[in-house]
Amino acid sequence: MNDRNNYRGGSRGQDSGRSFGGPREMHKATCADCGKECDVPFKPTEGRPVYCNECFPKHRKPRY
């Protein structure tokens with residue numbers, strides 16, 4: 001049997017939530033727009049704005 005033909009990639013059938021490793025460490029932050037406290041998957045850097053899930057799309061650069 002050729003294993004390469006059976007491999008489709010990804011983690012189909014497995015609900016791991018992530019494709020590499022365990023759960024991410026979340027950090028508390030305050031949204032620069034609405035002031036709501038939120039959790040982000042990175043350590044916020046002082047001087048750089050952090051946005052919650054609701055405000056982030058308003059600040060996203062358009063894709064071309």
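How far is the sulfur of Cys34 from the closest cysteine sulfur, and in which residue does that sulfur lie? In this predicted model, the closest cysteine sulfur to that of Cys34 belongs to Cys31 and is 3.7 Å away, which is too far for a bond. A disulfide is defined here as a pair of cysteine sulfur atoms within 2.5 Å, and a search of the whole structure finds zero disulfides.

Some conventions apply throughout. Residues are numbered from 1 along each chain as its sequence is written, and side-chain values use heavy atoms, with hydrogens and water left out. Because the model is predicted, local features need pLDDT of at least 70 and side-chain atom pairs count only at pLDDT 80 or more, whereas totals for chains, interfaces and linings use all residues.

The chain contains two helices and two strands, arranged along the sequence as α-β-β-α. Both kinds of element are DSSP runs numbered from the N terminus, with helices (H or I) of at least four residues and strands (E) of at least two. Strand 1, residues 27–30, pairs with strand 2, residues 37–40, in the antiparallel sense over four bridges; pairing requires that DSSP find at least two bridges between the strands. Within this pair, Ala29 stands opposite Cys38 of strand 2. The two strands form a hairpin with six residues between them, and Gly35 in the turn has a positive phi of about 80°.

Cys31 counts as buried, at 3% relative accessibility, while Cys34 is partly exposed, with a relative accessible area of 44%. Buried denotes under 20% relative accessible area, exposed over 50%, and partly exposed the range in between, using a 1.4 Å probe and protein chains only.

UniProt, in an unreviewed entry, lists residues 24–60 as "domain: CxxC-x17-CxxC"; such annotations may be inferred rather than shown by experiment. The end C-alpha atoms of this span lie 22 Å apart, and the span is 11% helix and 22% strand.

For the chain as a whole, 11% of the 64 residues count as buried. Among contacts (heavy atoms within 4.5 Å) between residues at least 6 apart in sequence, 6% join residues at least 24 apart.

Confidence is expressed as pLDDT, the predictor's confidence in each residue, from 0 to 100. The chain has a mean pLDDT of 80, and 70% of its residues reach 70 or more. Over residues 10–16, however, pLDDT stays under 50, and the model has one contact beyond four places in sequence for these residues.
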